[in-house]
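This report looks at how two protein chains are arranged and how they meet. The sequence and the structure follow, and the description comes after them.

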Protein chains: 2
Amino acid sequence: MENKKSDFSSWYNEIIDISGLSDKRYPIKGMNVWLPYGLKAMKSIDNIIREHVDNSGFQEVQFPVLITRDQLSIEFEHVKGFENEVYWVTRGGMEPLDVEMALRPTSEAAMYGMFQLWVRAHTDLPLKIYQIVSVYRYETKHTRTFIRIREIHFFEAHTAHTDYASAERQMEEYRRIWNEISSELCLPFIVDQRPDWDKFPGAMYTLAFDTAMPGGRSLQIGTIHQYGENFSKNYGIEYLKEDGTHSFVSQTTFGLSERLLAAIIGIHGDDTGLIFPPSIAPVQVIIVPIPSEGADTDGYAVRVKEYLSAAGFRAQIDSRDNYTPGFKFNEWEMKGVPLRIEVGGREVHDSTVTLRLRTGGSRIKCNLTDVASEVSKALSSVKEILRKRASDHFEKSMVDGDTIEKIKNGESMFRFYWCGSRECSDHLEADTGKTVLGMQREMNSTGRCIICGKEGKLATASTPY
Amino acid sequence: MENKKSDFSSWYNEIIDISGLSDKRYPIKGMNVWLPYGLKAMKSIDNIIREHVDNSGFQEVQFPVLITRDQLSIEFEHVKGFENEVYWVTRGGMEPLDVEMALRPTSEAAMYGMFQLWVRAHTDLPLKIYQIVSVYRYETKHTRTFIRIREIHFFEAHTAHTDYASAERQMEEYRRIWNEISSELCLPFIVDQRPDWDKFPGAMYTLAFDTAMPGGRSLQIGTIHQYGENFSKNYGIEYLKEDGTHSFVSQTTFGLSERLLAAIIGIHGDDTGLIFPPSIAPVQVIIVPIPSEGADTDGYAVRVKEYLSAAGFRAQIDSRDNYTPGFKFNEWEMKGVPLRIEVGGREVHDSTVTLRLRTGGSRIKCNLTDVASEVSKALSSVKEILRKRASDHFEKSMVDGDTIEKIKNGESMFRFYWCGSRECSDHLEADTGKTVLGMQREMNSTGRCIICGKEGKLATASTPY
């Protein structure tokens with residue numbers, strides 16, 4: 001297997017292939033097949049997202065995939081931002097269509113005409129909905145599984161509020177929800193406010209959650225957008241206020257995608273293969289019987305599994321008889337199962353099991369009757385270890401960019417002071433080849449802009465995926 | 001509200017609208033918005049399907065939505081069957097595409113090129129996969145929510161086997177799985193083998209599950225197809241046999257769709273509104289507090305809900321204070337919640353609850369501490385009542401068609417004897433306006449063909465949706 005550190009890109013492609021997450025041999029470039037193991041992991045991620053947004057009062061809906069050019073054209077910046085990168089349906093059967101239709105690249109244009117029908121009065125607000133669907137981009141750049149593709153597994157939440165202040169509170173709620181989701185997935189990140197020229201087409205401002213992939217490139221793994229009244233004025237989303245007058249709603253959105261899986265693969269994996277955070281592992285515990293004279297290790301494995309299934313763990317027995325235990329250990333390590341349980345003659349005899357964490361350390365022995373609570377502890381340990389490793393990696397990947405030279409030659413993300421002007425951003429990009437991701441939203445420290453020397457704030461630069 | 005019996009079509013449209021299942025005001029005809037309540041019901045149906053196919057060794061995958069014309073053209077009958085009714089993507093951004101691509105109308109052409117890569121040896125077989133995705137048909141006929149639409153919520157299972165006998169056993173397994181699913185949904189049906197001219201494009205034969213909607217029209221709610229080697233020969237899906245020679249696989253498919261929801265709405269509903277089978281009801285139990293001097297009915301309702309949630313029921317409290325209990329009763333009856341629990345002053349005082357089944361009958365009183373088991377019993381009763389009513393309705397809807405006159409003038413499905421020839425089928429259709437759905441697969445009785453008088457077998461005719 002490829003070495004993750006020395007050639008991350010090859011490692012990444014190889015592990016996706018051999019672990020059975022996705023098959024990219026489909027005849028359309030950038031459109032891949034979700035294989036059972038990968039789909040299970042993605043659906044677990046979806047369910048974590050669902051749980052958190054459902055608890056915050058969001059409701060799940062599903063809009064059509066097609067959007068007419070008329071719908072898309074209602075907000076000018078929005079259509080300009082997307083019309084060059086969408087797939088266009090122009091024919092139904094043998095007939096040319098009267099109105100061309102786009103495969104949704106995102107769903108503002110699909111949804112907001114309906115919002116206009118749904119929102120009548122202040123009692124209808126806030127409106128908080130989301131959908132988990134595929135979106136489509138006619139991507140001309142180099143494609144990469146889960147990172148830059150043409151059919152994207154996508155979560156999009158959309159809200160409408162009585163006023164801007166309420167929409168701003170929604171932005172805070174998104175941040176809280178995102179903190180919880182990213183913590184479940186053990187993914188560290190920084191919040192960058194995208195420069196105006198790089199915000200979502202039609203938004204007032206965009207906050208992006210950027211993480212650091214191995215090799216130092218950054219990956220945007222989530223975004224939240226404040227639309228204010230930009231869309232509602234164009235789509236006519238008005239409501240009746242308590243005082244009898246009408247007002248436009250203020251809107252926000254929150255987007256996540258299969259890039260979360262890309263980050264999990266890249267950040268947590270090692271030279272042995274994947275390592276799944278327990279919350280999304282398709283198999284959380286693999287039970288491997290080690291054949292032993294006079295001991296029914298297979299039967300014993302079934303008992304172990306019963307304990308674990310009853311406690312709600314996703315446990316599986318590898319009872320294939322044409323493979324050695326060593327082979328099985330390697331295979332399940334490669335596939336990222338966070339915990340292995342070995343049951344051999346000794347375990348059967350002692351009524352014990354032996355646990356081995358995917359993240360390393362010595363084997364742990366416990367009584368069969370304690371297996372559920374020990375597994376729970378072990379999976380918590382794996383989660384903590386992954387979180388710690390990922391955050392150490394992230395800290396190492398975010399370097400002080402105090403000179404142009406350093407930013408130019410380093411393979412990492414950089415924090416540096418920037419005045420916020422387009423001119424200085426262009427200058428930095430030309431000199432270093434890195435992209436300015438935006439101002440670091442959390443950081444209040446000020447300093448001199450690395451280009452012009454005027455007062456600036458902390459910003460991030462990197463080579464983004 | 002419309003009367004279901006006297007004007008089913010209007011009743012159907014109205015109940016979908018007022019219960020909040022789907023919104024058909026989306027600007028593209030036949031592409032509707034799944035609203036939260038409708039989506040929840042559909043996802044419960046999906047999960048019942050998943051549970052049954054997962055238990056039979058199927059694995060879930062997800063293929064791209066786009067299929068190139070080249071892929072689609074590999075099987076001649078298949079492309080002929082679909083090319084006139086699919087949406088064609090011809091442009092990416094501003095550029096015309098080199099190869100036109102179809103939005104999948106079904107996924108044989110998407111999948112079988114990959115099957116060709118995945119299947120190498122007999123040890124890879126049987127291959128059993130499924131996906132739950134949207135499929136697209138450029139429908140020119142009159143559209144109807146959940147029944148005839150352009151974006152269809154679709155389940156498709158695909159298998160590959162070493163030989164025809166094994167594929168035939170798969171067809172039997174589908175039948176068993178379908179019996180279980182339809183039983184959960186309380187949907188009666190008949191198995192019709194579609195005439196050759198009406199089978200799935202590319203199939204050797206097609207068995208359809210037809211049910212009877214109110215008003216007497218039939219609705220196809222599921223199909224299973226035997227492909228034999230028709231696709232594998234064209235897509236080159238070969239495997240190495242134990243004896244060292246190569247052979248083509250035999251294939252089958254199983255398709256279900258949102259028509260299941262249409263059948264549930266149509267068959268179980270009444271003049272008061274929807275009635276959901278408990279297994280898929282988004283809300284299984286609605287708890288309505290009835291305000292009473294000096295009794296904390298709201299607090300008591302919370303305790304009732306805790307009992308039910310702990311037991312795994314989907315229970316909800318209607319605590320809105322600007323509506324009367326009577327209004328709430330009507331609303332939740334309209335929305336098809338199978339069981340209502342009323343808690344008033346007397347219930348609080350006696351530590352009891354009062355149950356009312358959506359299917360009618362007198363109120364049932366029980367102790368608070370027994371509420372979970374009583375609810376379980378009550379939901380089972382609702383299920384049994386729905387099943388019985390539906391099967392009574394189905395029996396009444398399937399009438400002996402002993403004369404052409406009777407078939408012509410009746411508003412129902414008809415069983416009649418048919419020799420199997422195209423000529424007699426055309427003749428019957430011309431004379432009666434009904435369509436021949438095919439031979440009744442289960443029935444072995446023979447009689448004289450209603451048209452030509454030669455020996456025939458039992459067949460079905462109706463006005464299908």
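How many bridges join strand β5 of chain A to β5(B), and do these strands run parallel or antiparallel? Five bridges join strand β5 (residues 87-92) of chain A to β5(B), and the two run antiparallel. The model is a predicted one, and every value below should be read with that in mind.

## The sheet across the two chains

Within this pairing, A:Trp88 stands opposite B:Arg91 in β5(B), while A:Tyr87 stands opposite B:Gly92 in that strand of chain B. Strands of a sheet pair through backbone hydrogen bonds, either parallel or antiparallel. Here six strands form an open sheet with antiparallel pairing, and their order is β4(A)-β6(A)-β5(A)-β5(B)-β6(B)-β4(B). From one strand to the next, the twist averages 45°.

Inside chain A, β5(A) is joined to β6(A) by four bridges, and these strands run antiparallel. β5(A) and β6(A) form a hairpin with two residues between them, and A:Gly93 in the turn has a positive phi of about 60°. Three bridges join β4(A) to strand β6 (residues 95-103) of chain A, again in an antiparallel manner, and A:Leu66 has A:Leu103 as its bridge partner in β6(A).

## The contact between the chains

The contact takes 38 residues from chain B and 39 residues from chain A. On the side of chain B that touches chain A, at least two residues each are supplied by β2 (33-34), α2 (36-55), β3 (59-60), β4 (66-68), β5 (87-92) and α5 (108-118) of chain B. The largest share of that side, six residues, comes from β5(B), the strand that is also joined to β5 of chain A by five bridges. Sorted by class, the side of chain B that touches chain A has 22 nonpolar, ten polar and six charged residues.

## The relation of the copies

Two copies of a chain are related by a rotation about an axis and a shift along it. In this model, chain B can be laid on chain A by a turn of 180° and a shift of 0.0 Å along the axis, with an RMSD of 0.0 Å; that is the relation of a two-fold axis. The C-alpha nearest the axis in chain B is that of B:Val89, which lies 2.1 Å from it. The same surface serves both copies, since 100% of the contact residues of chain B recur in chain A.

## A helix pair in each chain

Two packed helices are described by the angle between their axes and the distance between the axes.

| Helix pair | Axes come within | Crossing angle |
|---|---|---|
| α2(A) and α6(A) | 10 Å | roughly 150° |
| α2(B) and α6(B) | 10 Å | roughly 150° |

With an angle over 145° counting as roughly antiparallel, α2(A) and α6(A) are therefore roughly antiparallel to each other, and their crossing is right-handed. The residues A:Ile48, A:Ile49, A:His52 and A:Val53 in α2(A) meet A:Ile177, A:Glu180, A:Ile181 and A:Glu184 in α6(A); the residues of this contact divide into five nonpolar, one polar and two charged. In chain B, α2(B) and α6(B) are likewise roughly antiparallel to each other, with a right-handed crossing.

## Backbone details

Most residues other than glycine have a negative phi, and most peptide bonds are trans. Against that background, the peptide bond from A:Leu125 to A:Pro126 is cis, with omega near -5°, and A:Pro126 has its place in the loop between α5 (108-118) and β7 (127-136) of chain A. In chain B, the peptide bond from B:Leu125 to B:Pro126 is cis, with omega near -5°, and B:Pro126 is found in the loop between α5 and β7 (127-136) of that chain. B:Cys186 has a positive phi of about 60° although it is not a glycine, and it is found in the loop between α6 (164-184) and β9 (190-193) of chain B.

Technical notes: Residues are numbered from 1 along each chain as its sequence is written. Chains are lettered from A and ligands numbered from 1 in the order in which they are written. This is a predicted model: local features need pLDDT of at least 70, side-chain atom pairs count only at pLDDT 80 or more; totals for chains, interfaces and linings use all residues. Two residues are in contact if their C-beta atoms, placed from the backbone, lie within 7 Å. Ala, Val, Leu, Ile, Met, Phe, Trp, Tyr, Cys and Pro count as nonpolar, Asp, Glu, Lys and Arg as charged, and the others, Gly among them, as polar. Two strands pair if DSSP finds at least two bridges between them. Axes are lines fitted to C-alpha atoms, for helices over the stretch in contact, and angles run from 0 to 180 degrees between N-to-C directions. Angles under 35 degrees count as roughly parallel, over 145 as roughly antiparallel, 65 to 115 as roughly perpendicular and the rest as oblique. A crossing is left-handed if the near helix is turned anticlockwise from the far one by less than a right angle, and right-handed if clockwise. Copies are superposed by least squares on the C-alpha atoms of residues with pLDDT of at least 70 in both.
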